[in-house]
Amino acid sequence: MKIAFVGKGGSGKTTLSSLFIRHLAARRTPVIAVDADINQHLGAALGLDEAEAARMPSMGAQLPLIKDYLRGTNPRIASAETMIKTTPPGEGSRLLGVTGDNPVYRACARTLRPEGDVGGDVRLMVTGPFTEADLGVACYHSKTGAVELCLNHLADGRDEFVVVDMTAGSDSFASGMFTRFDMTFLVAEPTRKGVSVHRQYKEYARDFGVPLSVVGNKVQGPDDLEFLRDEVGDDLLTAFGQSDWVRAMEKGRPRTLAELEEPNRCALDVLRETADAAYERRDWQRYMEQMVHFHLRNAESWGNDKTGADLSEQVDPGFVLGERPAPQPQPA
Ligand SMILES: Nc1ncnc2c1ncn2[C@@H]1O[C@H](COP(=O)(O)OP(=O)(O)O)[C@@H](O)[C@H]1O
Ligand SMILES: [Mg+2]
């Protein structure tokens with residue numbers, strides 16, 4: 001299952017993604033954590049110290065390797081140079097699983113165990129820090145391109161997760177990355193600024209049938225909750241309160257997930273149940289059609305010019321991405 005956490009900077013995307021990832025790890029559910037946020041803090045939120053976080057390889061720097069591996073023997077993709085971030089898989093392409101080993105994970109992922117020996121492993125991958133140039137609509141150099149390529153080649157099933165901490169921005173709308181998720185959790189504080197992102201995101205989500213739920217954060221009482229409900233209506237799924245547990249983490253005094261406040265643990269259960277329920281609504285055919293739709297759009301607007309090739313020829317009309325056999329839980 002592919003899950004995104006989006007929202008305004010400071011709303012708590014990284015905090016709630018890391019809590020959700022820990023929650024999955026505590027249950028030994030296979031999970032890949034991807035940091036695609038402008039401020040790269042997911043590693044730290046999952047327990048990496050500064051030096052370890054600094055040593056993380058960036059997906060952006062591994063783009064040539066990623067392209068070469070995923071391209072495989074797909075005859076429609078002549079070279080890694082003509083592979084753009086929206087290039088869809090086809091016959092001959094290599095697919096990624098959530099579990100298992102491959103050159104992409106060897107180059108980009110590091111294994112953490114945020115819940116210690118009581119939990120399972122988490123694979124962490126990071127886009128690398130964003131620069132000014134990444135924040136515009138400069139499609140070719142976008143840092144999230146590597147993430148998008150991996151998502152487009154991911155054959156994931158139930159009870160295995162890829163959780164992406166990402167910025168809600170023009171880049172993910174233009175490339176179509178926002179349509180790649182089974183569930184998008186939009187994190188919102190109970191303030192006008194906090195809910196403003198929802199208005200824009202909801203338009204895009206509706207146009208493409210993207211499942212979207214609002215998760216309140218730093219909610220301090222009934223008044224906050226009522227405000228969120230008034231502003232976002234039925235999209236409000238659940239809410240997290242102001243958390244001493246999160247504060248303690250920030251102070252460098254880590255606690256186990258079992259010590260998280262009860263209402264916040266309940267909210268995590270709601271997120272997982274919602275993510276699980278999204279499985280029934282999966283439609284690989286539609287998923288593939290959207291991938292192709294955005295690829296053709298990007299090819300026409302900049303990709304063909306950039307590569308000097310007709311990138312519409314990369315589309316394999318008979319190919320539909322699908323699931324691999326159900327995963328086994330991690331051994332205790
Ligand atoms: N529920 C919460 N309780 C207490 N502090 C929180 C909570 N959620 C987020 N924070 C704090 O708010 C700040 C911003 O959160 P962060 O997750 O980094 O936001 P984002 O990733 O959206 O920019 C951090 O200092 C974080 O510790
Ligand atoms: Mg963040």
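Let's start with how helices α1 and α12 lie against each other. In this predicted model, α1 covers residues 13-26 and α12 covers residues 262-277. How are two packed helices described? By the angle between their axes and the distance between the axes. Here the angle is about 75°, and the axes are 10 Å apart. Angles of 65 to 115 degrees count as roughly perpendicular. So α1 and α12 are roughly perpendicular to each other.

Which residues meet? From α1, look for L19, F20 and H23. From α12, look for L268, L271 and R272. Sort that contact by class, and you get four nonpolar residues, one polar and one charged.

Now the strands. Find β7, residues 212-219. Is β7 mostly covered or mostly open? Mostly covered: seven of its eight residues are buried.

β7 has a partner in β6, residues 183-188. The two pair in the parallel sense, over five bridges. One place to look is L186, which stands opposite V214 in β7. What links these strands? Helix α9, residues 192-208: β6, α9 and β7 make a right-handed β-α-β unit.

β7 also pairs with β8, residues 236-241. That pairing is parallel too, over four bridges. Look at V214 again. Its bridge partner in β8 is L236. How does the chain get from β7 to β8? It goes through helix α10, residues 222-232. This β-α-β crossover is right-handed.

To recap: α1 and α12 pack at about 75°. β7 pairs with β6, and β7 pairs with β8.

Methods
Residues are numbered from 1 along each chain as its sequence is written. Chains are lettered from A and ligands numbered from 1 in the order in which they are written. This is a predicted model: local features need pLDDT of at least 70, side-chain atom pairs count only at pLDDT 80 or more; totals for chains, interfaces and linings use all residues. Axes are lines fitted to C-alpha atoms, for helices over the stretch in contact, and angles run from 0 to 180 degrees between N-to-C directions. Angles under 35 degrees count as roughly parallel, over 145 as roughly antiparallel, 65 to 115 as roughly perpendicular and the rest as oblique. Two residues are in contact if their C-beta atoms, placed from the backbone, lie within 7 Å. Ala, Val, Leu, Ile, Met, Phe, Trp, Tyr, Cys and Pro count as nonpolar, Asp, Glu, Lys and Arg as charged, and the others, Gly among them, as polar. A residue is buried if 20 or more other C-beta atoms lie within 10 Å of its own, exposed if 12 or fewer, and partly exposed in between; C-beta atoms are placed from the backbone. Two strands pair if DSSP finds at least two bridges between them. A crossover is right-handed if, with the strands pointing away from the viewer, the path from the first strand over the helix to the second runs clockwise.
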